[in-house]
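Subject: Structure for your review

Dear colleague,

I am handing over the structure below, followed by an account of what was found in it. Please read the notes with the coordinates open beside them.

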Amino acid sequence: MYGQKPDVSVMKLPPLDRRLEMRTSQHDVAHWQAAATKAGYRSMTEWIRHTLNKEIEGGVRQAVLNRPAIATTRLENGIRVVSESIPGSKRIELGAFVECGWRDEGEERPGLAELCQRLLLAGTSSRDERQIATETYPTAGFVARDYTCFHASVPGEGCWEVMDLLGDVFLNSTFPQECLERERRSLLLEWNESCDEPRRYLEHLRRGTLQARRNALRRFDRTDVIYFVQRHYTPGRIVLAAAGDVFHEDLVAQARDAFWRLEGEDTPAAGAAPKRPPLWTEEEPFTHSYFCLEVAANASGADRWGLYALAEILGERLHWCLYRDLDLVATVNCACEIGKGTARVVVRGSALPENEFAAVQEILSAWRELVTWSSAATPAEIERAKRRLRTRNSWQGDHTYNRFQRIGLDELYFGKTMPEERMLAEIDLVNAGMLRQIARRLGNERLGNERLEMNLAVVGPVERGASAGLLEKAAAAPRALGLAI
C-alpha cells in the first residue's frame with residue numbers, strides 16, 4: 001500500500017545513475033534513506049552526493065550537484081511542493097501555504113480562519129500543545145486575506161521534524177475544547193489590545209467591525225472549526241515551500257511521508273471578500289485620523305509588475321502632493337496587494353481630522369488622473385518606480401524568509417514560480433505603453449459597473465459626515481467625481 005515503508009532488508013539497490021534519471025519512488029527513497037543511516041550519514045542527500053562523487057561521472061552527477069534554483073513537484077494527492085536552493089545558507093525557511101484566508105469566512109463567520117489556524121497548533125492525537133511548542137523547532141502561523149501560512153526557520157537537519165509536524169497537525173488535530181476556550185479569550189484580548197494601536201486597529205477594520213467579529217467569535221464551537229478545516233484544508237489548496245540550502249528530492253520525499261494520507265475534494269476558493277459598505281469608521285480618541293482607501297482591480301500574472309509600478313507612481317505623487325506641497329497628511333503610502341485573480345490598490349495614511357476629507361479627495365483625484373492617463377506617467381517616474389521595485393525585490397532576496405514567501409505565493413496565486421533573474425527582467429520590460437494599457441483597462445473595468453468598488457476605513461476622531469458623503473457619491477456615481485474616462 002502506498003505510504004507503507006518497505007522491508008529494506010530484502011530489497012536490491014537499483015542502479016543509482018538510472019534511478020536519478022527518473023522520478024524517484026518512495027520505494028527507492030526508503031531504501032536510500034536506510035542505506036544513508038547505516039553508513040552513518042546525517043541525511044540521504046549527503047549519502048547520494050558521496051556516492052555520486054565516487055561512482056558516477058558526467059551528466060547525472062552534474063544534474064544532481066548543480067540542482068536548479070527553483071523546483072516544483074505535484075504529489076499524487078495534489079499537494080504542490082516548491083523549493084528554492086540557496087547554496088551556503090545556514091538556515092532553511094520551511095512551511096505551508098493554504099489557500100484559505102479571512103475572505104473565506106463569509107459574512108456570518110468573521111474570525112473563524114484565525115481561530116482555526118491557532119487550534120491546528122493546539123494538539124494532535126500524538127502531540128499535545130506543549131510538545132508541539134517545545135519538541136520541534138518553533139512553528140508560527142498567521143492568516144492573510146487570501147491564505148493561511150505556517151512556517152519555521154530550521155537548520156538543514158530539522159526539515160524532516162517540521163514537515164512531520166505539519167503533516168500531523170493537518171491530519172490529526174483534535175481541537176481540544178479547553179484550547180478552543182483559551183484561544184477564544186486570547187484572540188479577544190489581542191483584538192481589544194489593537195484598539196490602542198491605530199494602524200493595527202485599521203487593519204482589523206478592513207476585515208469588518210471589531211464588534212461583529214467579537215460577537216461571531218463567542219458563538220463558534222468545535223464543530224464550526226472542524227467543518228471549516230475539512231472544507232478548506234484540502235490537498236489542492238496546499239503548497240509546501242522551502243528556501244535555503246535544501247535538496248528538492250529530499251523535500252518531496254519528506255512531504256510524501258508526512259502528507260500521503262491527506263485527502264479531500266477541493267472546494268472553489270472564495271472570489272472576493274464579503275461585501276462591505278463604502279465607508280467604515282470607528283470613533284476613537286486619537287490625535288489623528290488614520291485612513292485606508294482601497295480600490296479594487298482585476299489582475300493576472302502578466303499585469304503584476306505593471307500594477308506594482310502604477311502603485312509606486314501613485315505613492316510618489318501622493319507623497320509630494322499631500323505631504324510636501326499641501327501639508328494635508330502626517331503620513332501617506334501606496335501599495336498594490338495582488339491575490340489570485342484580484343488586486344487592490346491600497347492607500348494608507350494619517351491626517352488631522354479637519355484635513356481628512358481634503359486628503360481623501362486629493363487621493364481620488366490622483367487616482368482618476370492616473371487611470372484616465374490625463375496626467376500620464378513620465379519616463380522619469382517610470383524609471384524611478386522600476387528602480388525601487390528592483391531594489392526592494394533584490395534586497396528581500398537576501399533573506400530566506402522572503403524567498404520562502406515569494407515562491408510559495410507565486411505557486412499559490414499563479415501556479416508557477418519565477419526566478420529572481422526573470423523577475424528583474426520583467427520589471428525592466430515595464431514601459432509607458434504597458435502602463436497606459438493597464439491603467440485604461442482598470443478604469444474601464446471599474447467604471448463600467450453600476451457601482452465603483454471602493455472602500456474607506458477610518459479610525460480616530462472621524463469627520464463622518466464629510467467622508468461619508470464623498471465615498472457614497474464616489475460609489476454611486478463615479479462620473480460625479482470626474483472618474484469617467
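To begin with the charged pairs, the side chains of Glu 129 and Arg 182 meet in a salt bridge, with 2.1 Å from N to O; please bear in mind here, as throughout, that this is a predicted model. Glu 129 belongs to helix H6 (residues 129-134) and Arg 182 to helix H8, so that the pair, 53 residues apart, links distant parts of the chain. Glu 129 counts as partly exposed because its relative accessibility is 28%, and Arg 182 is likewise partly exposed, with a relative accessible area of 32%.

A second salt bridge joins Glu 316 and Arg 388, whose closest N and O atoms are 3.2 Å apart. Because Glu 316 lies in helix H13 (residues 304-325) and Arg 388 in helix H15, this pair ties together parts that are 72 residues apart in sequence. Glu 316 has a relative accessibility of 14% and therefore counts as buried, whereas Arg 388, at a relative accessible area of 28%, is partly exposed. Both residues also belong to a network of salt bridges that links Glu 312, Glu 316, Arg 384, Arg 388 and Arg 392.

Arg 368 and Glu 369 form a further salt bridge, with the closest N and O atoms 3.4 Å apart; Arg 368 is partly exposed at a relative accessible area of 23%, and Glu 369 is partly exposed at 26%. The count of salt bridges comes to 29.

Which side chain of opposite charge is nearest to the buried Lys 386? Lys 386, which is found in helix H15 (residues 379-396), has Glu 383 as its nearest side chain of opposite charge, but the distance is 4.1 Å and Lys 386 has no salt bridge. The reason is the cut-off, because a salt bridge requires the nitrogen to be within 4 Å of a carboxyl oxygen. Leaving aside residues up to four places away in sequence, Lys 386 touches Ile 427, Asp 428 and Val 430.

Turning to helix packing, helix H8 (residues 177-194) and H9 pack with their axes 8 Å apart and at an angle of about 120°, which makes H8 oblique to H9. On the H8 side the contact is made by Glu 190, Trp 191, Glu 193 and Ser 194, and on the H9 side by Arg 200, Tyr 201 and His 204. The buried residues of helix H9 (residues 198-207) are Pro 198, Tyr 201, Leu 202, His 204, Leu 205 and Arg 206. After H9 comes Gly 208, which has a positive phi, near 145°.

Another residue to look at is Asn 172, found in helix H7 (residues 159-172). Asn 172 and Ser 125 are 47 residues apart in sequence, yet their C-alpha atoms are 5.8 Å apart in space. Apart from residues up to four places away in sequence, Asn 172 touches Thr 124, Ser 125 and Arg 261.

For the chain as a whole, there are 19 helices and 11 strands, and 54% of the 485 residues count as buried. Among contacts with a separation of 6 or more, 79% are between residues 24 or more positions apart. The accessible surface comes to about 22,000 Å², and carbon and sulfur atoms account for 50% of that surface.

How values were computed. Residues are numbered from 1 along each chain as its sequence is written. This is a predicted model: local features need pLDDT of at least 70, side-chain atom pairs count only at pLDDT 80 or more; totals for chains, interfaces and linings use all residues. Side-chain values use heavy atoms; hydrogens and water are left out. Buried means under 20% relative accessible area, exposed over 50%, partly exposed in between (1.4 Å probe, protein chains only). Helices (H or I, at least four residues) and strands (E, at least two) are DSSP runs, numbered from the N terminus. Contact means heavy atoms within 4.5 Å. Accessible areas come from the Shrake-Rupley method with a 1.4 Å probe; for residues, only the protein chains shown count as cover. Lys and Arg count as positive and Asp and Glu as negative; His and the chain ends are not counted. Axes are lines fitted to C-alpha atoms, for helices over the stretch in contact, and angles run from 0 to 180 degrees between N-to-C directions. Angles under 35 degrees count as roughly parallel, over 145 as roughly antiparallel, 65 to 115 as roughly perpendicular and the rest as oblique.
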